[in-house]
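Biologist: Can you walk me through this model? Keep it short, please.

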Amino acid sequence: IFSRCSTLMKLEVLCNHLYEGTDLAQRLQAEKVLLELINSPECLSQCQLLLEQGTTSYAQLLAATCLSKLVSRASPLPIEQRIDIRNYILNYVASQPKLAPFVIQALVQVIAKITKLGWFEVLKDQLIFRDITADVKKFLQGTVDHYIIGVMILSELTQEMNLVDYSRPSAKHRKIATSFRDTSLKDILMLACSLLKELLAKPLTIQDRQQESLAMHLLKLVLNCLNFDFIGNSADESADDLCTVQIPTNWRTIFLEPGTLDLFFDLYHSLPPMLSQLALSCLVQFASTRRSLFSNPERAKYLGNLIKGVKQILENPQGLSDPGTYHEFCRFLARLKTNYQLGELVMVTDYPEVIRLIANFTITSLQHWEFAPNSVHYLLTLWQRMVASVPFVKTAEPHLLDTYAPEITKAYITSRLDLVTFCLYSRDGLEDPLDDTATVFQQLEQLCTVSRCEYEKTCTLLVQLFDQNAQNYQKLLHSSSRNPLEITVQEGRLAWLVYFVGTFVGGRLTYTSTDEHDAMDGELSCRVFQLISLMDAQLPQSSNEKVELAILWFLDQFRKTYVGDQLQHTSKVYARMTEVLGITDDNQVLETFMTKIVTNLKYRGRCEPVILRTLQFLNDLSLVKIEAVKFMLQNHTSKHFPFLGISDNYSLSDLRCRTMFYTALTRLLMVDLGEDEDEFENFMLPLTVSFESVTQIFNSSFEQEEAKRMLIGLARDLRGIAFALNTKTSYTMLFDWIYPAYISVLQRAIELWYQEPACTTPILKLMAEFMQNRSQRLNFDVSSPNGILLFREASKMICTYGNQILSLGTLSKDQVYPLKLKGISICYSALKSALCGNYVSFGVFKLYGDNHFDNVLQAFVKMLLSVSHSDLLQYRKLSQSYYPLLECVTQDHMSFITSLEPRVLIYILTSISEGLTAIDTIVSSSCCASLDYIVTYLFKHIAKEGKKTLRCREISQDGQRLFNFMQQNPEVLQQMMSILMNTIIFEDCRNQWSVSRPLLGLILLNEKYFSELRATLINSQPDSKREVLDQCFRNLMEGVEQNLLVKNRDR
């Protein structure tokens, strides 16, 4: 007894640390002990002790958590034991219905897991775990507390059946879920609806907490039934507005019964806000029911009932004052148009009144933007889809959208302008929506469609607001007492107006646009181009980031719509622009674009978002004979573009924009470059000057910080240039420019600053870019040694970095990736590009006694051994560079692999074994390919063993080393064969072809083990499936010969 009390006390202290403790170390220790408890033989008895004698709810929760993990293990408990656990928990919660809700929830979850995982298990000719509904009915005959527990069991079971456990085969999950859907789910839904009807028939008071709790659990049960993944398409929840509920056909009777919808509308009106929100969530799913469940008359009647319910809610909108209920109602409205056509909606009797109510509700919602701002998306979705459907409506009934859509557009525009003032003067710290451009762009895209309905009204409003705000802004600028806050408000309003203009111009649709619409776009665009002049006239004194980003968005939208060959130059948009601005065609617009780009790069270098967006815009343009382009190609220095400078005012991260800048600039250079080496030299002149400066600093007692900043900038610049040079001629010019003088400077930098990733990462990325044989640009002339020279430099850099980085010793978890693993992954990428680039003959190195190739392979191994297997797979960039590199090495350099020490070979083969089951297909496919090359090499050696000719003696020595290693460690290949066979038979294999490649070689090398594995796999199956699996194995090996020829592999 004393021992049990002592154990109980220890466990309760553990619970306290785990659930209530604030000390992180104590909590981690408690988690560690918990894992040990789950794996210990005493687990069940200690869980029972906690449940029966624990003094706190947390003790019971710990017991439930342990039981949940225990029954979910990959190797299941015996069936009798699981039945005992389930029955024990059912009796336990029945005898103690007043337990804390979270404890009951956790225990019910254990029952659900046991039921799901044992759904097809048979004991004494009975599907023993399927009698759960009979157990639940006993609960429904007890007190209200028992009633609630019974409903919770059904709700949790429905949710558990729908939950995909990615650690188990998804085919098995689908089989269980489908069986549950076909045998139980409809009955559960009907039971829940009938219980809700009974509940609704009783007078419910807000004080009756038990009844409220019961209603909540019943509604959650219905919602879980309707959210079930009926056809196994695992709908992405983020695509909420596109969801259709695939109700089974045999559920038609439930949905055709008018009382079903009425029940949930009545529940909405009768229940308090928290519960009415759940009733609406159920109605969202009812509104999303697939169209094909009904015939045309049935669908019209069903839609009529939905619209009638909407009307009742909007006529009595008091319940919508709760943000959660309001949000669900907005989702409900959006779903109406998702599943029903506008032609069907206008035929409903109450349509004119309902569309008026919805329009008023939307306008009120937009005006009170501070209330549930995340719900606006659904309202805009409804109107967007309604307006988009107008051209396809063939009924005579009026849709009335031409009346209400302009009002919606006006409400959105004016509310956003009002929002600027509120955000600025708010004491609650309201966030400015323009800081979240992703949401803004999504809403603008929706508004764009709505605005095109009665476009004249929208444009008139926007012109009026633009003129008014631009005039106010000019007055403030010229005012003697400039009020900064008022100027900021006005700039915020102008930013919104520019976004609106860009959106409406970008929304032009060729098949619906008219000359009048184009003329209106010209009217709007003129105002933005005039604003650009006004903003740039203030430089360099002031600049508003939000206005600048809005202007760049507008320019990009205008480019897509009105610049290029796809549009006739006679477009009316240019008529108005010619009158006001003197811009007659798209060539002059391009010059305006470039002037703006140059201005931004000159004066807004400190504003990274503006610079980044400007460079993206430059990248998207195809500009040739424009003066501003010539200016940039000849003057890309910090004097003209301050962000190219290296002053201390700029952080090292600010230099990232430079790569994109030089990529765009070099593409412009490439248009007319051809073979003109003088033009290339002129273009590279600013970089030449910078490199010469760094060289001089290196040769003197140098300022480290200045040299470092210059080199980081140069590395980023050169990477941008190298990325854009995709022809052999242009790439050769760059190589001749950088080799040998300047590349040695980069080598020296790696030597000096190896422990500063801000410096090494750009240089290593530059080298990795140089090694890329994109578009065969590195296929130098036959008389050129450039390929070998380039590889030697890469080898030096990788070896230098590898040796230096290993001298850092053990690093903490948060430092290991930035200081070490990131650099290693870039080195591996560079080396992989070199090995697969097909521009270096690696045999030459050994022939002439050059050790650069051997050195870099040794560096690869040294760096690899310093990385744990878990890190190899945990860091995605590292695994995606290491495994493809290993594939290259095993494909072409097996003599190096065979020369490695046994411990290194074990490490590499273990990494392959662990990578075979990786979720990332790049990793698993590369592992399969590497294993195939190793197995094929070994098989060919064994096949040639009898042929002792002089020609193959050396090859034989390499192969013999590998053969001896495999004989001493047979379990290595056997384990990998087991993994591959299990993957193919039991898993959803997404790269089956890759997985199949090494399989034949493994089987031929381990025929005895293959027979044992085959017998084990067959015996692990139920009797009914053994014969089928045995036949599959016979088919697999039928006609297979003792060779690895392609024809034999593909049998």
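**Disulfide and other cysteines**

Modeller: A disulfide (a pair of cysteine sulfur atoms within 2.5 Å) joins Cys836 to Cys888, with 2.1 Å from S to S. This is a predicted model: local features need pLDDT of at least 70, side-chain atom pairs count only at pLDDT 80 or more, and totals for chains, interfaces and linings use all residues. Residues are numbered from 1 along each chain as its sequence is written, and side-chain values use heavy atoms, with hydrogens and water left out.

Biologist: How many disulfides does the structure hold?

Modeller: The structure holds 1 disulfide. The link of Cys836 and Cys888 is left-handed, with -50° about the S-S bond.

Biologist: Which helices do Cys836 and Cys888 lie in?

Modeller: Cys836 lies in helix H36 (residues 813-836) and Cys888 in helix H40 (residues 876-892), so the pair ties together parts that are 52 residues apart in sequence. Helices here are DSSP runs (H or I, at least four residues), strands are too (E, at least two), and both are numbered from the N terminus.

Biologist: Is Cys888 buried or exposed?

Modeller: Cys888 is buried, at 5% relative accessible area. Cys836 is partly exposed, at 38%. Buried means under 20% relative accessible area, exposed means over 50%, and partly exposed is in between (1.4 Å probe, protein chains only).

Biologist: New topic. How many salt bridges does the structure hold?

Modeller: The structure holds 36 salt bridges. Each is a side-chain nitrogen of Lys or Arg within 4 Å of a carboxyl oxygen of Asp or Glu. One of them pairs Lys546 with Asp435, at 3.4 Å from N to O. Lys546 lies in helix H24 (residues 545-562) and Asp435 in the loop between H19 and helix H20 (437-451), so the pair ties together parts that are 111 residues apart in sequence.

Biologist: Is Asp435 buried or exposed?

Modeller: Asp435 is exposed, at 55% relative accessibility. Lys546 is partly exposed, at 26%.

Biologist: What does Lys596 form a salt bridge with?

Modeller: Lys596 pairs with Glu548, and their closest N and O atoms are 2.7 Å apart. Lys596 is in helix H26 (residues 586-603) and Glu548 in helix H24, 48 residues apart. Lys596 is buried at 3%, and Glu548 is buried at 0%.

Biologist: Now Ala405. Where is it found?

Modeller: Ala405 is in helix H19. Ala405 is buried, with a relative accessible area of 0%. Beyond neighbours within four places in sequence, Ala405 is in contact (heavy atoms within 4.5 Å) with Val387, Val450 and Cys453. The C-alpha atoms of Ala405 and Cys453 are 6.4 Å apart, though the residues are 48 apart along the chain.

Biologist: And Arg299, what does it touch?

Modeller: Not counting residues up to four places away, Arg299 touches Arg291, Phe294, Tyr340 and Glu344. Arg299 is in helix H14 (residues 296-315) and is buried at 9%.
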